[in-house]
Amino acid sequence: MPAALSAEPPLGGPVTAPARPLAVTIVGAGSVGLALAAALAQAGNQVTVLARAASASDLREAGRVQVSGRFEHLVPVSGLPARPGQVAVTDRGVDLPPAQAILFTTKGQDLAASIESATGAPLEQGGDGAFVAGLQNGVVKDELLALAFGPESVVGAATVLGARRIAAGSVSITSVATTFFGEFGLVGKPATRRSGRADNMAAAFISAGLPCVVVPNVRSLLWSKFCNAIGVFGVSVLTRLPTAQTFARPPLALAYRSLLEEAAAVAAAEGAEVGDFPDLPMRSYLETAPEVFAAAMAARATPLGDGPPGYSSMAQDLAAGRPTEIEETFGDLVRRARAHAVDVPLSQLVYRVVTGLEAR
């Protein structure tokens with residue numbers, strides 16, 4: 001994530017601790033899903049991970065989830081039911097216990113299948129209300145969740161947490177950045193009520209050592225993160241350079257900025273305002289003169305360390321020959337732009353190049 005030129009303080013006011021531990025289901029056993037599962041379980045929550053059969057088997061064989069890097073966790077893997085301090089793993093959606101929150105952490109291209117696997121998963125009734133949320137890039141994720149679970153069950157969510165898989169059950173945290181939750185309001189308007197369920201989830205994250213903020217205008221947050229993803233993914237897949245090098249070179253920082261402008265134009269056509277949020281100062285990026293922005297990013301770019309260089313998830317998937325989130329990010333942006341008669345030639349170029357490379 002590029003260094004911020006400026007950033008507003010966290011939005012939404014203070015978060016109070018939940019009255020009791022939460023029952024959380026995490027759908028997806030990738031790096032982010034396992035990192036969240038381990039942290040939340042060690043903090044005393046009841047965490048169940050719904051994984052593919054092969055991933056569930058690997059986790060059972062490993063016998064633990066090990067998290068290293070920016071923080072350290074070693075949490076045993078168990079069967080159902082979930083117990084505090086352990087991560088329960090299953091590959092059967094029908095066996096999922098009632099949960100106060102179901103967090104989908106799979107890649108965007110896997111979300112539809114993961115929703116199908118979890119359809120019918122029980123949400124706990126009573127209290128401040130249970131919910132589902134998706135941590136994928138883009139905004140189409142929430143539309144898919146609303147179709148499956150009902151709009152009233154969906155809370156907006158996004159994360160800038162950085163993690164990479166080392167081996168089965170082992171994850172390295174590369175960036176302890178902010179996770180966001182927030183209720184959806186009417187189009188163009190923030191939510192008008194304080195969300196007890198989002199507050200409780202944020203408090204659980206914070207007590208687990210994970211920075212978290214509840215935002216009053218989650219559509220603005222989601223589009224702001226979407227804009228950043230379009231810029232980072234676009235430059236990284238075309239150059240195949242580590243993200244840090246992208247921002248260390250002014251011409252590439254300007255390429256990122258140009259993609260950011262296109263995505264922001266589509267956001268405006270959709271009635272969403274791009275804003276400043278912790279770790280995502282998108283409005284400040286857009287309001288800074290391009291040359292000043294590029295020079296500032298180059299000056300603040302983090303030099304490559306001794307560890308492996310960090311690449312965007314889309315660049316990693318493309319290099320490894322895996323399916324990417326191209327349809328859920330650039331494809332979705334191009335289609336929305338076409339519907340609003342917004343010109344996005346750079347985003348369309350990236351979309352065509354990546355889909356062409358995937359077709360190999």
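**Figure 1. Surface and interior of the predicted protein chain.** The accessible surface of the protein chain comes to about 14,900 Å², of which carbon and sulfur atoms hold 54%, with areas taken from the Shrake-Rupley method with a 1.4 Å probe and, for residues, only the protein chains shown counting as cover. Of its 360 residues, 52% count as buried, a term for under 20% relative accessible area. This is a predicted model, in which local features need pLDDT of at least 70, side-chain atom pairs count only at pLDDT 80 or more, and totals for chains, interfaces and linings use all residues. Residues are numbered from 1 along each chain as its sequence is written, and side-chain values use heavy atoms, with hydrogens and water left out.

**Figure 2. The packing of helix α8 against helix α10.** Helix α8 (residues 250–269) and helix α10 (residues 290–300) have axes 9 Å apart and pack at an angle of about 120°, where axes are lines fitted to C-alpha atoms over the stretch in contact and angles run from 0 to 180 degrees between N-to-C directions. The contact (heavy atoms within 4.5 Å) is made by residues including Pro250 and Tyr256 of α8 and Phe293 and Met297 of α10. By class, the residues of this contact divide into nine nonpolar, no polar and two charged.

**Figure 3. The packing of helix α12 against helix α13.** The axes of helix α12 (residues 327–339) and helix α13 (residues 345–358) come within 9 Å and cross at roughly 140°. Among the residues that make the contact are Phe330 and Arg338 of α12, together with Gln348 and Tyr351 of α13. This contact of α12 with α13 has five nonpolar, four polar and three charged residues.

How values were computed
Buried < 20%, exposed > 50% of the residue type's maximum accessible area, 1.4 Å probe, protein only. Helix = DSSP H or I, 4+ residues; strand = E, 2+ residues; numbered from the N terminus. Nonpolar A, V, L, I, M, F, W, Y, C, P; charged D, E, K, R; others polar.
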